[in-house]
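This briefing covers the ligand site and the pocket that goes with it. Please have the sequence and the model open while reading.

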Amino acid sequence: MSYDLDAARIAPLSGDAFYISDFISEDEEALLMQKVQSVPLPRWTHLSHRRLQTWPSALTKSNTLLSSPLPSWLTNPIIHRFKELGVFANAPHTTPNHVLVNEYQPGQGIMPHEDGAAYYPLVATVSLGAPIVLDIYEKDSHQLDAGADDSHGKPRFRILQERRSLLVMRGKLYTDFLHGIAESTRDEDLGPHSICNWDLLGEKAPYEGGWVVRETRTSLTYRDVLKVAKMGNTLKFLGGAK
Ligand SMILES: O=C(O)CCC(=O)C(=O)O
């Protein structure tokens with residue numbers, strides 16, 4: 001399969017977002033889901049509205065990654081395809097060095113947030129298992145619209161992520177916007193009027209009725225951590241040597 005990042009541009013998002021349906025095959029998806037599920041249970045961090053794996057490890061308090069390779073199941077085939085597409089070509093390490101695996105049950109989600117300055121401003125997300133809508137909020141309007149009931153105002157953009165798809169977000173979309181996933185058992189109001197990557201979907205038919213029931217969805221989110229401590233310096237870094 002060959003991919004073309006330019007053809008994958010989400011037009012309303014001004015060159016800061018790209019969407020490729022069928023980025024991985026059904027067999028690759030099945031293998032990745034099996035790998036995600038077969039890690040030892042302590043690998044999972046249980047949060048109130050999702051659970052999470054952090055590869056190769058959590059960042060230190062100073063947002064530093066202790067250098068260590070990603071496991072091969074997170075590298076091949078996905079990072080090889082990123083290289084063909086040049087996804088991380090301008091990032092400092094030219095390849096992702098950190099992956100968060102998020103799992104959402106129906107009704108779960110993630111509050112609008114920004115990924116922050118620990119990372120080069122680019123995130124590449126591969127979706128597994130089921131579709132889900134990612135909501136994008138302008139930072140300012142999010143603050144203005146947020147009411148006393150802790151609602152988050154209306155999303156400025158909505159991106160439908162099909163299972164096996166790739167979504168790349170970078171630049172101003174990364175730095176000037178928040179992203180989140182509603183805690184809902186259905187994604188609603190779907191259609192070309194509201195979904196900014198509608199024309200790029202692999203299959204529109206499942207969503208043409210305007211809604212889809214949530215099922216368990218897993219995301220693999222690839223990033224480049226800016227500060228990396230090499231293993232040789234790790235002891236010193238941890239305060240074990242002067
Ligand atoms: O699961 C997703 O697609 C979004 C995850 C996310 O926002 C994050 O890891 O910061």
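Predicted model: local features only at pLDDT ≥ 70, side-chain atom pairs only at ≥ 80, totals over all residues.

How far does a polar side-chain atom of aspartate 115 lie from an oxygen atom of the ligand? The distance is 3.1 Å.

- For aspartate 115, the 3.1 Å separation runs from a polar side-chain atom to a ligand oxygen.
- Tyrosine 104 places a polar side-chain atom 2.7 Å from an oxygen atom of the ligand.
- Arginine 217 has a polar side-chain atom 2.8 Å from an oxygen atom of the ligand.
- The ligand taken alone exposes 300 Å², and the protein buries 94% of that.

**Shell around the ligand**
- The ligand is surrounded by 13 residues, and the closest are Tyr104, His113, His179, Arg217 and Ser219.
- Two or more shell residues come from each of strands S5 (98-104), S6 (110-113), S11 (177-181) and S14 (217-223).
- S14 gives the most to this shell, with 4 residues.
- By type, the shell holds 3 nonpolar, 7 polar and 3 charged residues.

**Largest pocket**
- The ligand takes up the space of the largest pocket, which holds about 360 Å³.
- The lining has 25 residues, and those nearest the pocket centre are Ile110, His113, Asp115, His179 and Arg223.
- Elements that give two or more residues to the lining include strand S3 (50-55), strand S7 (122-128) and strand S10 (166-170), as well as S5, S6, S11 and S14.
- S14 gives the most to the lining, with 4 residues.
- The lining divides into 12 nonpolar, 8 polar and 5 charged residues.

Terms used:
Residues numbered from 1 in each chain as written. Heavy atoms only, no water. Near = heavy atom within 4 Å. Polar contact = N/O pair within 3.5 Å; in protein donor to acceptor, adjacent residues only side chain to side chain. Areas by Shrake-Rupley, 256 points an atom, 1.4 Å probe, with all protein chains shown as cover. 1 Å grid on protein atoms, 1.4 Å probe; cavity = no way out; pocket = protein on both sides within 12 Å on 5 of 7 lines; lining within 4 Å. Sits in = over half its atoms within 2 Å of the grid points. Nonpolar A, V, L, I, M, F, W, Y, C, P; charged D, E, K, R; others polar. Points joined across faces, edges and corners; volume = space filled by probe spheres on them.
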